[in-house]
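Biologist: I would like to know what stands behind the words used for a fold. Please set each word against its cut-off.

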Amino acid sequence: MSLESRIQTIRAFNRDVTERLGVLEDRYLARDRPLSLDRLLWEIGTDGIEVRELRSRLGLDSGYTSRQLRALEQEGLVVVSPSEHDSRVRRATLTPSGMAELAVLDQLSDELVGTILAPLTEHQRDELATATETVRRLFAASTVAIAAADPASEPARWAVDAYRRTLDDRFDGGFRPERTRPTTDDVLRPPSGLFLLATFRSRPVGCVGVTRVADATAEIRRLWVSSELRGLGIGRRLLAAAEDAAVTLGAGVARLETNRTLTEAIGLYRAAGYDEVAPFNDEPYAHHWFAKSLTGESSTGEPLPSGGAGAPLGRVGFLGLGIMGLPMARRLARSGVGLTVWSRTPKSDDELAVAGARTAANVPEVFAQCDTVIVMLRNAAAVDQVLRDVPGGIAHLVAGRTIVNMGTLSPEYSKALADEVESAGGHYVEAPVSGSRRPAEDGKLVAMVAGRPDVVRRTVALLDPMCAQVTVCGPVPSGLTMKLAANVFLIALVTGLAEAFHFADRHGLDRELLRGILDAGQMSSPISRVKTAKLVADDLSAQAAIADVQMNAELIVDAAAVAGAGVPLSELCRALYADAVGRGDGAIDMVGVIRTIAAGRQIAVSSVAGGE
């Protein structure tokens with residue numbers, strides 16, 4: 001989408017929202033005042049607020065704020081008086097009448113939202129709520145300001161304390177400031193350095209420090225982003241601002257170190273072009289050291305050092321843009337990773353293009369451009385077709401490259417593939433993910449990683465933009481075996497939900513009531529809530545297609561046979577989903593198995609349980 005198209009789309013959104021919410025009316029919510037005054041009542045709230053904070057939070061000038069507060073005082077709703085802690089500071093609080101009016105506004109506002117939601121289906125209501133949350137987060141991101149601050153100032157001190165608390169929570173064994181390399185305020189002030197503070201509604205939400213350590217080298221320290229705004233690019237903005245500051249200080253190289261538990265930071269540095277280098281200090285909490293040329297070459301004119309297990313990932317390839325692969329690739333591209341994509345079914349995606357991803361004409365072109373290639377293909381047959389049916393075969397493609405398989409394959413196939421890749425001079429990592437299309441879109445997948453420890457270490461940060469959790473499971477094929485174990489539970493859970501709704505249907509029960517009971521109970525989970533919503537709305541659009549579930553059930557039963565494990569539930573589910581595929585339902589969501597159950601599949605399942 002072009003810049004002009006984006007502007008027009010957002011302007012149209014603004015017009016629709018202001019009209020639908022009644023913002024243009026001079027008597028908002030049928031009260032005797034416009035929205036601007038009601039908004040002050042909401043911001044003052046039951047606890048009151050300092051006037052200077054009120055101005056800062058809403059971006060209002062002093063004169064306008066004073067006039068608005070006087071209008072509310074004249075109505076008897078607000079009192080503005082000196083703060084009991086500092087007579088120079090004015091504080092606004094609600095009177096008893098103001099409290100009562102706030103309660104009325106809350107009720108009327110809830111009723112207004114109710115009129116918006118009422119005509120929509122349950123699925124549309126969830127969609128609108130989710131979209132609204134996305135808009136709020138992106139509006140928040142656009143409101144964050146980054147500016148230089150005195151490292152000794154109160155907001156800067158607060159941010160550094162929050163940074164240290166974060167390290168204490170994340171580090172194995174906690175964080176002790178007295179053990180780390182000291183950083184004084186003076187080295188973070190011009191001309192030696194700079195301290196940058198990110199603020200949102202006058203509150204510190206991020207920080208970073210830069211200090212020059214040599215004529216042409218600067219170190220970046222204390223990069224922190226509040227958890228409430230993570231995932232919105234604030235860290236990337238702070239890092240870029242720190243690099244600009246380093247250049248201003250005369251540095252041609254920026255360097256930094258980090259702890260292995262800070263996987264988001266590691267992913268950010270690699271995506272921003274930092275190369276992992278040999279340790280350049282004795283920081284006791286560091287496991288990774290990075291450097292980046294700010295001029296295209298190091299201060300000595302030589303390329304920045306890299307290589308070995310800590311070598312940079314370089315450009316990344318992505319094979320397979322299906323239901324899961326496309327949103328995963330989008331998130332990876334948006335994170336700043338240089339991406340080249342290819343799909344067996346050619347796709348033109350505007351979001352990938354805007355994020356700078358290249359589309360390759362064929363598989364060899366992907367490998368020619370990329371050091372690391374993510375494979376997100378449906379099954380072993382697809383992997384064979386894509387990696388083997390090329391000139392020179394798989395050995396020609398993978399030599400010197402890292403293959404990250406994120407699809408679901410049989411453990412035996414994956415182990416054989418790993419051996420083949422490594423014998424050809426490549427590296428292989430398993431990283432199958434648990435989740436469906438929606439978690440893929442939201443970056444909430446769970447990855448189960450397996451492979452050689454040194455290769456896994458330099459690959460795991462690449463998964464961060466796509467995954468909420470990354471767990472290292474051991475050597476290949478423990479990642480895929482773990483994925484199949486998780487899928488035993490997933491398939492049984494969703495199949496049980498489908499059967500529960502079929503049972504309710506046959507007894508004339510209301511699906512919406514059943515959903516409310518299940519969603520409120522101890523059995524509720526993110527996946528069950530998503531699937532109950534789809535069953536109520538009769539929404540069978542695929543998040544996890546029946547054909548894919550059937551394939552996973554086959555893999556589970558086969559892997560169980562190899563290990564001599566009994567999986568009677570999975571055997572029943574395999575038969576049920578195979579029948580659903582045979583009925584022509586393979587492309588719909590797995591909750592669509594309710595149609596097979598309703599058609600009398602239980603008779604055939606009984607025969608499977610009997611050993612036929």
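**Words and cut-offs**

Modeller: Let us start with two helices. Helix α2 (residues 35-44) and helix α5 (residues 96-117) pack at an angle of about 110°, and their axes are 10 Å apart. The model is predicted: local features need pLDDT of at least 70, side-chain atom pairs count only at pLDDT 80 or more, and totals for chains, interfaces and linings use all residues. Residues are numbered from 1 along each chain as its sequence is written, and side-chain values use heavy atoms, with hydrogens and water left out.

Biologist: What makes something a helix or a strand here?

Modeller: Both are DSSP runs, numbered from the N terminus: helices are H or I with at least four residues, strands are E with at least two. On that basis the chain has 23 helices and 19 strands.

Biologist: Why are α2 and α5 called roughly perpendicular?

Modeller: Axes are lines fitted to C-alpha atoms, for helices over the stretch in contact, and angles run from 0 to 180 degrees between N-to-C directions. Angles under 35 degrees count as roughly parallel, over 145 as roughly antiparallel, 65 to 115 as roughly perpendicular and the rest as oblique. The angle of α2 and α5 is about 110°, so the two are roughly perpendicular.

Biologist: Which residues make the contact of α2 with α5?

Modeller: From α2 come D38, L41 and W42; from α5 come E101, L102, L105, D106 and S109. Contact means heavy atoms within 4.5 Å. By class there are 4 nonpolar, 1 polar and 3 charged residues. Ala, Val, Leu, Ile, Met, Phe, Trp, Tyr, Cys and Pro count as nonpolar; Asp, Glu, Lys and Arg count as charged; the others, Gly among them, count as polar.

Biologist: Why are α2 and α4 called roughly perpendicular?

Modeller: α2 and helix α4 (residues 62-74) pack at about 85°, with axes 10 Å apart. That angle falls in the perpendicular range, so the label holds. The contact uses S36, L37, L40, L41 and I44 of α2 and Y64, Q68, L69, A71 and L72 of α4. These divide into 8 nonpolar, 2 polar and no charged residues.

Biologist: Why are α19 and α20 called roughly antiparallel?

Modeller: Helix α19 (residues 511-520) and helix α20 (residues 526-537) cross at roughly 175°, and their axes come within 10 Å. The angle is over 145 degrees, so they are roughly antiparallel. Here R511, E512, R515, L518 and D519 of α19 meet S528, R529, T532, A533, L535 and V536 of α20. By class, this contact has 4 nonpolar, 2 polar and 5 charged residues.

Biologist: Why is A30 called exposed?

Modeller: Buried means under 20% relative accessible area, exposed over 50%, and partly exposed in between (1.4 Å probe, protein chains only). A30 has a relative accessible area of 56%, so A30 is exposed. A30 sits in the loop between α1 (3-20) and α2. Its phi is near 65°, a positive value in a residue other than glycine.

Biologist: What about A145: where is its place?

Modeller: A145 is in strand β4 (residues 145-148). At 40% relative accessibility, A145 is partly exposed. A145 and L197 are 52 residues apart in sequence, but 8.1 Å apart in space, C-alpha to C-alpha. Leaving aside neighbours within four places in sequence, A145 is in contact with L197, A198, T199 and R237.

Biologist: What makes a set of residues a nonpolar core?

Modeller: The members are buried Ala, Val, Leu, Ile, Met, Phe, Trp, Tyr and Cys residues, joined through side-chain atoms within 4.5 Å. The largest nonpolar core has 48 residues, and I220, L229, I234, L239, Y269 and Y274 touch the most other members. Another core, of 32 residues, lies apart from it; among them are A329, M406, V455 and L463.

Biologist: Which residues does Y269 touch?

Modeller: Not counting residues up to four places away in sequence, Y269 touches L223, L239, L256, T258, Y274 and F290.

Biologist: How many of the residues in the chain are buried?

Modeller: Buried residues make up 45% of the 612 in the chain.
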